Amino acid sequence: MLLVIVVLLLCQPVEARKNYGDIEQQRIEVAFPGADNVSEPEGDYSIRTISSNGETLGYAFQSLDVVDIPAYSGKPVNIQVLMNVEGVIKDAYVLEHHEPILLVGIPEERLHEFTAKYEGISADQRVIVGRSSDPEAVTVDAVTGATVTVMVVNEIIMRSAHEVGVSLGLVEASAGSVKKPAVVREEVFEPASWSELTGNGAIRRLHLTRGEVDEAFKGTEAEGIDNADAEAAGETFIDLYVTHLNPPTIGRNLLGENQYRFLMEELESGEHAIAVLGRGEYSFKGSGYVRGGIFDRVQLRQFGDIISFRDLDYERLSDVYAEGMPEFSEMAIFIIREHHQFDPGSPWSLELLVRRQTGPIDGIFTSFELPYQLPEAYLERPQPTAEELAATEEANRPVWVNIWYQKSFQIGVLCVALGLLTVILFLQDKFTRHPRFLHWLRRGYLTFTVVFIGWYALGQLSVVNVLTFLHALVEDFRWSLFLSDPVIFILWTFTAASLLLWGRGVFCGWLCPFGALQELINEAARKLKVPQYELPFAVHERLWAIKYIVLLVLFGISLESMSAAERFAEVEPFKTAITLKFDRQWWFVAYAVALLVVNLFTRKVYCRYVCPLGAALAVPSKFRLFDWLKRRKECGNPCQLCAKECEIQAIHPDGRINANECHYCLDCQMTYHNENKCPPLVVKNKKRNRRAKQAPAGPERIPAVQIEEPGAIDAGAKRSEAVD
């Protein structure tokens, strides 16, 4: 079957650039009705020129040819962007996405309605998803339930449009991209009070009243929600201050000599620290600010790029020393890391996000801008040399590198867990001699797989990943696409290695979140004495073929359309049960729950008979290098113990273990080493005990008898006769 798959793939035409059919041309005709010619893609960004009677009207390009920014799914969204000769966006249309919530969850039309709002926006404008108090910014409303996705789409559209606009000379490049960043003058210091620092602009303030916040939500669905009454409208909602701590005049006066020195020693080259101080009823940190490791109420923006702060970028600020400084209820230091390429000499703003609930899970948020510009007296603006410009360009790391850095915690925990699993597998003979310990260890690992790998890290592999990889091999393979989701990439790498050493079972039995969920539920059902049912082996063996048929059907569909294949791949309940945590339309939830209910009575029915991912992994399992699972000559004839105990019936009546179906639970190996359970070992032990009983228990004493020599006996007899 593997040979057939490879042949079919090789027969597909290899295209350097993906074709999406007539939709691209249709969008061009709508945006430029008078166009009579569209050129072939040209240049580094594969830009197509749109013209009429030889006169250029505009340009068309795909975002994936310009930027490669992963969305919520870990995969990029590809958007066709159309711009006129003035650098104004005429149309933005999503050609391809892999967002789980939008594939079948939220209607895709909502995403197209969102991108349609970019018509008329210039490539050098600032666009914010949600509400903003900045009159110069363009705001677009988010899609309820898909806020993360549309925020990424916003970045993709505007960044790709800006890059193309700059390359064509339609818009000016941002200052930070053509000038060497300014340097903070470390030798400049003079004592300064709080009033002096606020007076010269070193510390900036944003004061919001409750009435001003209510006004910002007017005209939205949140209008009227949590509004202040007339008497409370003038009360302080938040009094927010921000400053840049690197300049000694600011940092030393605010933090004191020691605290400032410790902070500067902690910062790496190219890193900057800002202080955020607040008071009022609204917290700029929020009670759930560490959720996901990202602060969700404050972010920094420079050159249109958003800098979010993670928990690792945060330091508590408690001691301040500036003369005349007011009291604050919240104080924090945030570190701007080097990879953001922050320019201390260019304007930036701190954005405060305020959200109001409009439903059980819905809400609308608006942002308030606190602009900041470091005083010129604290800066030095050196002119960059050609070598320095080249070094700056070289330092621009790929997007996937930043993603790996942001997910360092997930990566670290996952690598430790995979290391532990590797130890278990290599030392399985030792672990299986302690069945009670291994049972509890396995249950703990399966719980980790469901909770951490599945629900937290969203590390559920899918047959769609297999189909995508196979197509990438013969179309346009790029490591960056697979590296954009580090958890999925690491899991696939480990799974590929385990296939060669142990076969399919390692992933299906230890690392599949849905499989682990089924096994834990069935384990609980057995503890509660729920009756278990198994099919006759002849029927069970024939049902194995179903998953291979499902795999071939999905593969055939993918040859025509990967998008259609992704929809038909809903035969996998993974997205519903793991990725979306059952937060989906009722029919998807009903399907996943039905599989789990059946699993109460027969372990892992879906994995045994339906799972196309299991079938895809079983194919290369044929080439595994070792047979780690031990068997005896008595296995199958006459002993059937392991075959009867195997809870997924992966052991044939003749004693053979089917590696294509084995989930590597190691139960059979625990029996293999158990001298009180494995029948051949029990018989062997009985024979040994029998022989031990027949043999003397210990050394015995033998009575000593004195034996005289024959000559001495004759002489004694004669003497006796003489006496007589």
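Over how many bridges do β10 and strand β11 pair, and in which sense? The two strands pair in the antiparallel sense over 7 bridges. The model is predicted, so local features need pLDDT of at least 70 and side-chain atom pairs count only at pLDDT 80 or more, while totals for chains, interfaces and linings use all residues. Residues are numbered from 1 along each chain as its sequence is written, and side-chain values use heavy atoms, with hydrogens and water left out.

Strands (E, at least two residues) and helices (H or I, at least four) are DSSP runs numbered from the N terminus, and two strands pair if DSSP finds at least two bridges between them. β10 and β11 belong to an open, antiparallel sheet of 5 strands, in the order β10-β11-β12-β16-β15. Its edge strands, each pairing on one side only, are β10 (203–209) and β15 (314–316). On average, neighbouring strands of this sheet are turned by 20 degrees against each other, direction ignored; the axes behind such angles are lines fitted to C-alpha atoms. Strand β11 covers residues 236–244, and V242 in β11 is the bridge partner of R204.

The text now turns to helix α15, residues 435–456. The expected span of a helix is 1.5 Å times one less than its number of residues; the 22 residues of α15 should therefore span 32 Å, and the end C-alpha atoms, 30 Å apart, agree with this. A kink of about 25 degrees is centred on T449, the bend being the angle between axes fitted to the seven residues ending at a residue and the seven starting there. Buried means under 20% relative accessible area, exposed over 50%, and partly exposed in between (1.4 Å probe, protein chains only). Among the buried residues of α15 are L438, Y445, T449 and F452. After the helix comes L458, with a positive phi near 55 degrees.

Rings of Phe, Tyr and Trp (its six-membered ring) pair if their centres lie within 6.5 Å; planes under 30 degrees apart count as stacked, over 60 as edge-to-face and the rest as tilted. The whole structure holds 28 aromatic pairs. The pair of F409 and F452 is edge-to-face, because the ring centres are 6.3 Å apart and the planes lie at 70 degrees. This pair links distant parts of the chain, with F409 in helix α13 (residues 408–426) and F452 in helix α15, 43 residues apart. F409 counts as exposed at 54% relative accessibility, whereas F452 is buried at 11%. Ring pairs also join F409 and F452 with Y445, F448, Y456 and W510 in a cluster.

Key
Axes are lines fitted to C-alpha atoms, for helices over the stretch in contact, and angles run from 0 to 180 degrees between N-to-C directions.
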